[in-house]
Amino acid sequence: MAYLLVIGTRKGLFTARSEDRREWEVSGPHRLDAADYASMGAVYAVGIDPHSGRVLAGAESSHFGPSVWYSDDLGLSWHEPASAPIAFPEDTDASLVRAWQFAFGDDPGTVYAGVEPHALFRSSDGGMSFELVRALWDHPHRADWYPGAGGGAVHTVLPGILGSGERSPDAMTVAMSTGGVYQTRDGGAGWAPANRGISAVFLPDEEPEYGQCVHKVAAGPNGVLYAQNHHGVYRSEDPAGQGWTAVEKGLPTDFGFAMVAHPRRPETALNFPVVSQEVHLPPDHRLGVYRTDDGGGSWRPFTRGLPQDPYFGIVLRDGACTDGADEPGFYFGTRTGDVYAATDGGEGWHQVAGHLPDVLCVRATEV
């Protein structure tokens, strides 16, 4: 079996290939367009379609602005649709800043894009063109969705998922900064906030109906959800009903950006702590990953193989992932350009690449 890792950085797109998830061949930055205007642009979102194997990259061009490029040969060559794939309708008086997230529906060709400003787009042709999900854009709460420090964006898109045991092609969970978690049960025609229990320490009401700055939500194999908030780590089996429960006890801090759920074990997840909202550094200046195997009841360091010297790079919200294999591989990249991989039950982390530009996002798959 072979594995593909796609790495979006502040200065272009890189890929890595491996037969055993220990030895990797890294290439890039890839030339996305013939004129080479986008090769050094920031890549904030990558996605790998589980149906077709198509790779999508939401990249920026200093000359033409943001767009979506695609590859049908696992990153060897790249193409851009003839017309802008993601564009706001004229009556919205908005324009695309960047794509933050790609997610894929059960139907082949269905792709969702979470973007900045706060919006969700849907494609039925594999990412060649997208339409705005109007009901979320027109939501009455929109006026109060303010940009977080990293911008105002829908950065988590979980098709089919509402909570533990609840799966439906008409369901979806999204999260945004700021705004919080919203869910639909009717194919996107209506959206309701699902934030009960998540704090918003920066607001007068610390537990409002909406307005939370959720940094990332990850779903386990049965739909159980884990959330990294702007201060606070949470778990929920039923966000709309029972709400969220704080599970940060045992972590060195409750601040961070990334969260990864195990694709086979609903009680297992990885967290990547950051000192605080003011200090974006690893706690104690050590690169650290923490793992829970009991649904957040306890956390333990998962650091074997990581540098023991002082380290100053953190993991951003989409800078960590799993490949979803039967024996899962886990991956993360840091703002100092290092990328690491580990297999579940393996000997610990090993370096995939070093000295890349700032890593913004990573995605992996078996090929």
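Modeller: Let us start with a term: two strands are said to pair if DSSP finds at least two bridges between them. Please note also that this is a predicted model.

Biologist: What makes β7 and β8 a pair of strands?

Modeller: Six bridges join β7 to strand β8 (residues 111-116). The rule asks for at least two bridges, so the two strands pair. They run antiparallel, and Gln101 stands opposite Gly114 in β8. The two strands form a hairpin with six residues between them. In the turn, Gly109 has a positive phi of about 90 degrees.

Biologist: Why is strand β7 called largely enclosed?

Modeller: A residue is buried if its relative accessible area is under 20%. In β7 (residues 98-104), seven of the seven residues are buried, so the rest of the structure largely encloses this strand.

Biologist: Why is the pair of Trp145 and Tyr182 called edge-to-face?

Modeller: By the rule for aromatic pairs, the count comes to ten. In one of them, the ring centres of Trp145 and Tyr182 are 5.2 Å apart, with the planes at 75 degrees. Centres must lie within 6.5 Å, and planes over 60 degrees apart count as edge-to-face; therefore this pair is edge-to-face. The pair links distant parts of the chain, 37 residues apart: Trp145 is in the loop between α1 (134-137) and β11 (153-163), and Tyr182 is in strand β13 (residues 180-184). Both Trp145 and Tyr182 are buried.

Biologist: What makes the pair of Phe302 and Trp349 tilted?

Modeller: The planes of Phe302 and Trp349 are at 45 degrees, and the distance is 5.0 Å centre to centre. An angle under 30 degrees would count as stacked and one over 60 as edge-to-face, so this pair is tilted. Phe302 lies in the loop between β22 (300-301) and β23 (320-322), and Trp349 in the loop between β25 (339-343) and β26 (350-353), so the pair ties together parts 47 residues apart in sequence. Both Phe302 and Trp349 are buried. Ring pairs also link these two with Phe272, Phe332 and Tyr340 into a cluster.

Biologist: How do you know that the charged end of Arg291 sits over the ring of Phe302?

Modeller: The charged end of Arg291 is 5.8 Å from the centre of the Phe302 ring. The distance limit is 6 Å, and the charge must also be within 35 degrees of the ring normal. Arg291 is accordingly listed as sitting over the ring.

Notes. Residues numbered from 1 in each chain as written. Predicted model: local features only at pLDDT ≥ 70, side-chain atom pairs only at ≥ 80, totals over all residues. Heavy atoms only, no water. Phe/Tyr/Trp six-rings, centres within 6.5 Å; stacked < 30°, edge-to-face > 60°. Helix = DSSP H or I, 4+ residues; strand = E, 2+ residues; numbered from the N terminus. Buried < 20%, exposed > 50% of the residue type's maximum accessible area, 1.4 Å probe, protein only.
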